[in-house]
Amino acid sequence: NGNAPTGALAGQPGHNLGANYHLTAPQLKCKKSGTINISVVVRSDGSISSAKYIGGKGEAAGDASIQSYFVNETKKLKFKVSGNVPAEKRGTITWVIK
């Protein structure tokens, strides 16, 4: 979610990769609101080997330039990985833009 209860057009992404994958991401800004879902493959070192837009909701999701922006920014993210993890893991990162 955004960085304030109302009016914030920035925030941290959520993910479904599990407790061994910790993510701290920059706050991205966007002029439109919505949800952007990006399919990712994360290596055991925490780097993202692939990222692809898979859907979303709202104005942001309907804008191809915003989709591309969030895919490119997602590729730059790095997870802090702990414990015994596979060489690669697939999951989804969800950006909620308010």
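1. Read along the sequence, the pattern is β-β-β-β-α-α-β-β. That gives the protein two helices and six strands. Both kinds of element are DSSP runs, numbered from the N terminus: helices are H or I with at least four residues, strands are E with at least two.

2. A word on the basis. This is a predicted model, in which local features need pLDDT of at least 70 and side-chain atom pairs count only at pLDDT 80 or more, while totals for chains, interfaces and linings use all residues. Residues are numbered from 1 along each chain as its sequence is written, and side-chain values use heavy atoms, with hydrogens and water left out.

3. Overall figures come next. The protein has 98 residues, and 40% of them are buried. Buried means under 20% relative accessible area, exposed means over 50%, and partly exposed lies in between (1.4 Å probe, protein chains only). Of the contacts with a separation of 6 or more, 67% are between residues 24 or more positions apart. A contact is heavy atoms within 4.5 Å.

4. Now the sheet. Four strands form an open sheet in the order β1-β6-β3-β4, with antiparallel pairing. Its edge strands, β1 and β4, each pair on one side only. Two strands count as paired if DSSP finds at least two bridges between them. Strands of a sheet pair through backbone hydrogen bonds, either parallel or antiparallel.

5. Look at the pairings of β6. Strand β3 (residues 34-43) runs antiparallel to β6, and ten bridges join them. Within this pair, Thr-35 stands opposite Val-96. Strand β1 (residues 14-15) is also antiparallel to β6 (residues 88-97), joined by two bridges. There, Gly-14 faces Thr-94.

6. Helix α2 covers residues 64-75. Its twelve residues reach 17 Å from first C-alpha to last, close to the 16 Å expected at 1.5 Å a residue. The expected span is 1.5 Å times one less than the number of residues.

7. Which residues of α2 are buried? They are Ile-66, Gln-67, Phe-70, Val-71, Glu-73 and Thr-74.

8. The C-alpha atoms of Ser-68 and Tyr-53 are separated by 7.8 Å, though the two are 15 residues apart along the chain.

9. Is Leu-23 buried or exposed? Leu-23 is buried, with a relative accessible area of 17%. Beyond neighbours within four places in sequence, Leu-23 is in contact with Pro-13, His-15, Leu-77, Lys-78, Phe-79 and Ile-93. One of these partners, Leu-77, is 54 residues away along the chain, with 7.9 Å between the two C-alpha atoms.
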